[in-house]
Amino acid sequence: MAGKGFTVKKDWDNPMEHAMPAGVRVPAEVRLGPVVVAPATVLAPMAGVTDTVFRRFIRHASLFTTPSEAAREDSDSHPSHKNKDVARVGHPECLSESEIEAEVTNAQSGCGLLMTEFTSADGLARMRESKRKRYLTFYDDEHPIGAQLFGSNADTLAEAARIVEDTGFDTVDLNLGCPAKRVVGCNGGSGLLRDLPKVGEIFRAVRKAVAIPFTVKFRMGWNHSQIVCVELARMAEAEGLNAVALHARTREQGYSGQAHWEWIAAIKQAVGIPVIGNGDIRTPEDAAAMVAQTGCDAVMIGRAAPANPWIFRQIAQYTAAGSYDRPTVEDRYRMIRAYFSMLLEEVDTSNAAAEPGQKSPYAGKETAGKMKQFASWFTHGVPGGAKLRGDIYHAKTGADVLAQVDAFFTAQLASGSDAALLPDESEAEAYPEGALVCD
Ligand SMILES: Cc1cc2nc3c(=O)[nH]c(=O)nc-3n(C[C@H](O)[C@H](O)[C@H](O)COP(=O)(O)O)c2cc1C
């Protein structure tokens, strides 16, 4: 559902290095109305990225690394591990979707709330029931999960929010950040930042329509001379929304420059509902630094998640122990194979469920595209990763991508380069152009 025509940065501009602030950590939990988000970390909605496979992958990411002895003992003794062997993934074979223990707690995964990709309220309201299900697919182990909507018509958004609630989502979120021309052109996404009375109308209509927590994610304003985020947050509180999330950039900024965390702090000063901070978190240190600098109640992580799916787990480790594990090349290999097998299982499930004449969202070309995209993210920081990314760019099928990945990692492991790698050791093209079309 992502729109075309907006160029976004593939990587962070001049990423800032943060030291872990003394005594400040990402909060253990935040409450969005009755929904407990623990720990207070949120996977950002990302069009083309945060589908059900990716979300579950993030939820289970802690299972795909070789656990340290201490962590292994800890997880073995965890009461929620009915099958202790599931925690032991030190063998080279990865777990497939069906082998994954469904009861990884959020505390173990480190990610307190998952979010869908943004979904058009107009589209949802018009779709047949069977098609809606495809857009709003999620599994039991994704709770708590929020669905994000975009649109500009209050009644349509209210109807779409009701559909989201009926589908079983825990929260519904309104997108006021998308800079894509196709969305802004219909007054959706960040286009609404220029029409606060309309936003008020939407807040009231959606609030009245659903009982589940209702949140909003927005940018600071259209540009630096029209900053509206504090006013917007106050409106959200007054209309009974349960939390606000700020991507601390303007629409005009796109993804360039630094995120202006001082505006997250300003919103925190202005409202009593939870404030979720977003923008430029790449490491556990960044996450804690954002909490220290802004007082935000939760952190939301976008681009770092596909590049380093361990980030949520690392934040949890850092919070608990002041240090965190870094993935080895073998961990990356295990992880990419795990992601591929989850994707392929979802392809089978989704194809089997598609009605005659209906296209599955994971039809052949899309699956190969997703495999390429993820192979490209996951090999950042791995020596020689740029060559692999060049090779898989030309791959035609999922099997070709897999063969390239297998050959690459086999050679890496044979050469003994199984070193722990820093998550930010990335090269220029951290995100493939095609994926970066919306916010
Ligand atoms: C590929 C991609 C797709 C995105 N799609 C959405 C979206 O559907 N809805 C939304 O609110 N933000 C979207 N965003 C923005 C992110 O949610 C987040 O606000 C932004 O990336 C800044 O956070 P970060 O620095 O942690 O990446 C998208 C970002 C990327 C990179």
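Reply: Helices (H or I, at least four residues) and strands (E, at least two) are DSSP runs, numbered from the N terminus. By that reading, the protein chain has 17 helices and 10 strands. The model is predicted, so local features need pLDDT of at least 70, side-chain atom pairs count only at pLDDT 80 or more, and totals for chains, interfaces and linings use all residues. Residues are numbered from 1 along each chain as its sequence is written, and side-chain values use heavy atoms, without hydrogens or water.

Gln 314 counts as buried because its relative accessibility is 1% (buried: under 20% relative accessible area; exposed: over 50%; partly exposed: in between; 1.4 Å probe, protein chains only). Of the 439 residues in the protein chain, 60% are likewise buried.

Once neighbours within four places in sequence are set aside, Gln 314 is in contact (heavy atoms within 4.5 Å) with Pro 284, Asn 308, Tyr 324, Asp 325, Arg 326 and Pro 327. A further reference point is Thr 283, which lies 31 residues from Gln 314 along the chain, with 8.1 Å between the two C-alpha atoms. For the protein chain in general, 77% of the contacts between residues at least 6 apart in sequence join residues at least 24 apart.
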